[in-house]
Amino acid sequence: MKFLCDEMLKGLARWLRAAGYDTEMAKDGETDRELIRQARASRRLLITRDNKLMEFRNAADTVRLLHCTDTDNCAKILKQKTSVNWLHQPFSRCLLCNTPLIGLENTAEVSVPDDVRNTPLFQCPDCKRIYWSGGHVQRMREKLEGWAKV
Ligand SMILES: [Zn+2]
């Protein structure tokens, strides 16, 4: 399962990446028609809060309409509308650019806090951002676990 989130659901898109799903975000100013075309071409589910997208022919094949408020609420409703597993492959993708992360072998040269230098580090091969399992990741994981249980 792969996703494309519309502009209003960028927060949810980052969480889908955190859960390990290949998730694109709509580009600024992309039209509804372009969004549908992009989703179909890349076999993604288009996640939106915009009723208008349901008016396209065969929209139900591609579009999942969420009537949701904040990210927490959207995450729970998405689970009702799709078979999303919030513990799919947590923290295996870059939250910023969606690229799968790779383990970092040589950690001597990288700029990270000293107390995490000897813990497993992961890097995005595209934007070069480095990830590790710190308190922030722990808190995110707890949220994912909460959504997975609902
Ligand atoms: Zn990246």
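A: Strand E5 and strand E6 (residues 121-123) run antiparallel and are joined by 2 bridges, strands being DSSP runs of at least two residues marked E, numbered from the N terminus. Across this pairing, Gly 103 stands opposite Phe 122 in E6. Both strands belong to an open sheet of 3 strands in the order E5-E6-E7, with antiparallel pairing, where two strands pair if DSSP finds at least two bridges between them. The edge strands, each pairing on one side only, are E5 (102-103) and E7 (130-132).

This is a predicted model, in which local features need pLDDT of at least 70 and side-chain atom pairs count only at pLDDT 80 or more, while totals for chains, interfaces and linings use all residues. Residues are numbered from 1 along each chain as its sequence is written.

In the protein chain as a whole there are 5 helices and 7 strands, helices being DSSP runs of H or I with at least four residues, and along the sequence they follow the pattern β-α-β-α-β-α-β-α-β-β-β-α. The C-alpha atoms fill a box of roughly 55 × 30 × 20 Å, taken along the principal axes. Of the 150 residues in the protein chain, 26% are buried, that is, they have 20 or more other C-beta atoms within 10 Å of their own, with C-beta atoms placed from the backbone. Among contacts with a separation of 6 or more, 48% join residues 24 or more positions apart, a contact being two residues whose C-beta atoms, placed from the backbone, lie within 7 Å.

Methods: Buried ≥ 20, exposed ≤ 12 C-beta atoms within 10 Å, placed from the backbone.
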